[in-house]
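Please read the following note with the sequence and the model at hand.

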Amino acid sequence: MKTERFIYNLNYPANEKESCELEVRSLFQFDLKGKVFFETRKVHPSVSPFLKNRLEIIFQASTFSEIIESIIIAKIAAPDFMVKYVELEKDDRRFKKRREYCKAIGLIIEGFPCYTAPKNTFGITFYKGNWYFGKLAERSPYWKAHNKKPNAYSSSLDLNTAKVLINIAGNGDISKRLIDPCCGVGTVLLEGVWAGYDITGWEINSKVAESARENLRHFNYDVTVITGDIQDIEDSFDASIVDLPYGNFSFKNDENQLKIIRNARRISNKIVLVSSEDIREELVKENLKIIDHCKIGKKTKGAFMRYIWVCDVDQ
Ligand SMILES: C[S@@+](CC[C@H](N)C(=O)[O-])C[C@H]1O[C@@H](n2cnc3c(N)ncnc32)[C@H](O)[C@@H]1O
């Protein structure tokens with residue numbers, strides 16, 4: 001039987017609902033309903049643009065005093081700890097009394113409370129008739145750090161999309177080897193290495209490739225970026241993440257885009273593609289099996305819309 005050890009809490013902007021749902025399917029293999037879910041799989045919230053926090057359940061009870069009793073009996077101890085109330089339900093009336101709940105727990109945990117840089121953070125929450133106490137993991141305050149990379153250009157992806165692409169390509173399994181064969185200034189590489197993947201970049205334009213290297217060096221990441229054409233890649237990978245160049249032609253008439261797809265197929269078992277138009281028919285013609293897809297809507301009027309395609313390669 002599946003024992004759900006973690007409670008996840010997420011949020012997304014309306015235009016990224018579909019990409020959030022695709023990310024959840026890729027990381028947890030289920031269809032998202034609502035913004036709170038219970039899961040067995042451990043994923044750190046910092047790798048996702050949508051996950052806010054994760055509570056690893058230690059005790060569940062129908063009353064707060066039972067939680068207190070369980071903590072006393074188990075002699076929960078932790079140096080430099082902090083207790084936070086996690087608001088999961090919008091109209092949670094207990095939230096107003098959060099300081100009292102946290103204080104009551106803080107007084108019985110063995111160890112010293114620490115509010116500036118706690119080594120252990122505990123969470124307490126009430127959700128659908130039950131109290132939950134556990135270890136709380138929150139997004140690192142640096143989860144958006146790569147937005148301050150030294151080099152960006154008009155074709156760069158946004159941070160949220162780059163994180164989502166990594167999670168779709170790797171399914172949260174950091175033993176997978178990934179490649180971004182048209183890496184631009186390295187937006188996807190930065191999120192890949194941050195999440196712990198072995199990821200490599202290729203880029204045909206030497207100046208752009210150097211900008212990617214500079215971006216990676218800026219954050220002290222050790223990632224190889226090779227200047228070259230995708231057709232010269234000889235190694236093979238679990239997945240390619242391909243943000244197709246935005247050509248002057250439609251996909252059907254663009255030889256370079258077709259070449260990129262054929263080569264991504266040659267070097268990887270799975271392809272996660274980003275396109276600016278609906279290329280479903282063309283992908284099928286290329287013998288790619290589309291296993292999932294989504295649209296990233298426009299944030300503002302006139303903004304760019306993108307498609308994400310997840311394809312299995314039938315070798
Ligand atoms: C849409 S941009 C990628 C942007 C990137 N995701 C980022 O956020 O910085 C596509 C990149 O593919 C590169 N490119 C085009 N044809 C290529 C090829 N045949 N092999 C490798 N890279 C190629 C272009 O120079 C361009 O930088």
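**Note on the domain interface and the cysteines**

1. The side of domain 1 that touches domain 2 comprises 5 nonpolar, 6 polar and 5 charged residues (Ala, Val, Leu, Ile, Met, Phe, Trp, Tyr, Cys and Pro count as nonpolar, Asp, Glu, Lys and Arg as charged, and the others, Gly among them, as polar).

2. This is a predicted model, in which local features need pLDDT of at least 70 and side-chain atom pairs count only at pLDDT 80 or more, while totals for chains, interfaces and linings use all residues. Residues are numbered from 1 along each chain as its sequence is written, and side-chain values use heavy atoms, with hydrogens and water left out.

3. Domain 1 spans 6-138 and domain 2 spans 145-313, with bounds from an automatic or database domain assignment.

4. The rule finds 1 salt bridge across this interface (a side-chain nitrogen of Lys or Arg within 4 Å of a carboxyl oxygen of Asp or Glu). Asp-292 and Arg-25 form a salt bridge, with their closest N and O atoms 2.8 Å apart.

5. The structure holds 0 disulfides (pairs of cysteine sulfur atoms within 2.5 Å). The sulfur of Cys-20 is too far for a bond because the closest cysteine sulfur, in Cys-294, is 10 Å away.
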